[in-house]
Amino acid sequence: MINEQIRDREVRVVSESGEQLGIMSAREAMKLAQEAELDLVKIAPTAKPPVCKIIDYGKYRYEQARKEKEAKKKQRTVEVKEVRLSPNIDTNDLNTKMNNARKFISKGNKVKVTLRFRGREMAHMQQSKHILDDFAEKMKDVAVIEKPAKLEGRILSMVLTEKR
C-alpha cells in the first residue's frame, strides 16, 4: 500500500535515511512524504502499529524485483537421473553405467538405479540383488544410499545421492 491507500489511524514512520520518526497519524506522515517529494509506503502491515517508510516507490519496487531475481538465480533444482540395469549385465557394461552415474552425481543430481526383471528372471530376484549392492559399494566414494533397494513389481530400485 502506498500514499492515500494507507487507511490506518496511526503508523510508525521511518525516514528515507532509516531513522525513526516515531508514531504519528497517517495524514501527518503523508505530509512529511509530500514535503520530501517521495512516497509513503507501508512496509510491515502486520506490525502494531503498521510500519511505513518514506521512500521513492518506483525505486523500492525495482529493488524488490532485483532481490527476487537474485534469489531465483541461487535456487537449483535437483533432478533424478535413472540408470537401468538387467540381472545378466556384464562387468564392463556395469562399469559404463557406473561412470554415467558418477557423472550425474558430480553434477549434483540424484541417481535412481533400477534393476528390471523380465520373464523367467523373476524367479531369481534374490540372486540378482547383489548387483545393486555391488553398484552402491563401488559408488560409495562419491555417493550414499538415500533409499535402499526396494522391489516394486518387476523392478528393484534404489536412489543414490551425492556424499556431503
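The axes of helices α3 and α4 come within 11 Å and cross at roughly 50°, axes being lines fitted to C-alpha atoms, for helices over the stretch in contact, with angles from 0 to 180 degrees between N-to-C directions. The model is predicted, so local features need pLDDT of at least 70 and side-chain atom pairs count only at pLDDT 80 or more, while totals for chains, interfaces and linings use all residues. Residues are numbered from 1 along each chain as its sequence is written, and side-chain values use heavy atoms, with hydrogens and water left out. Helices (H or I, at least four residues) and strands (E, at least two) are DSSP runs, numbered from the N terminus.

**The α3/α4 pair**
- α3 and α4 are therefore oblique to each other; angles under 35 degrees count as roughly parallel, over 145 as roughly antiparallel, 65 to 115 as roughly perpendicular and the rest as oblique.
- The crossing of α3 past α4 is right-handed, meaning that the near helix is turned clockwise from the far one by less than a right angle.
- L94, K97, M98, A101, R102 and I105 of α3 meet I131, F135, K138 and M139 of α4, where contact means heavy atoms within 4.5 Å.
- By class, this contact has 7 nonpolar, no polar and 3 charged residues; Ala, Val, Leu, Ile, Met, Phe, Trp, Tyr, Cys and Pro count as nonpolar, Asp, Glu, Lys and Arg as charged, and the others, Gly among them, as polar.

**The sheet with β5 to β8**
- An open sheet of 4 strands has the order β5-β6-β8-β7 and mixed pairing; two strands pair if DSSP finds at least two bridges between them.
- Its edge strands, β5 (80-85) and β7 (143-152), each pair on one side only.
- Neighbouring strands are turned by 20° against each other on average, direction ignored.
- β7 pairs with β8 (residues 155-162) in the antiparallel sense over 7 bridges, and K150 stands opposite S157 in β8.
- Helix α4 (residues 125-139) packs on this sheet, touching β5, β6, β7 and β8, and its direction makes about 10° with that of β8.
- Helix α3 (residues 91-106) lies across β5, β6 (110-116), β7 and β8, running at about 175° to β5.

**The sheet with β1 to β4**
- Another open sheet, also mixed in pairing, has 4 strands in the order β2-β1-β4-β3.
- β2 (20-25) and β3 are the edge strands, each pairing on one side only.
- The twist averages 35° from one strand to the next.
- Strands β3 (residues 39-44) and β4 (residues 51-55) run antiparallel, joined by 5 bridges; a hairpin of 6 residues connects them.
- L40 stands opposite I54 in β4.
- Helix α1 (residues 26-35) lies across β1 (10-14), β2, β3 and β4, running at about 130° to β2.
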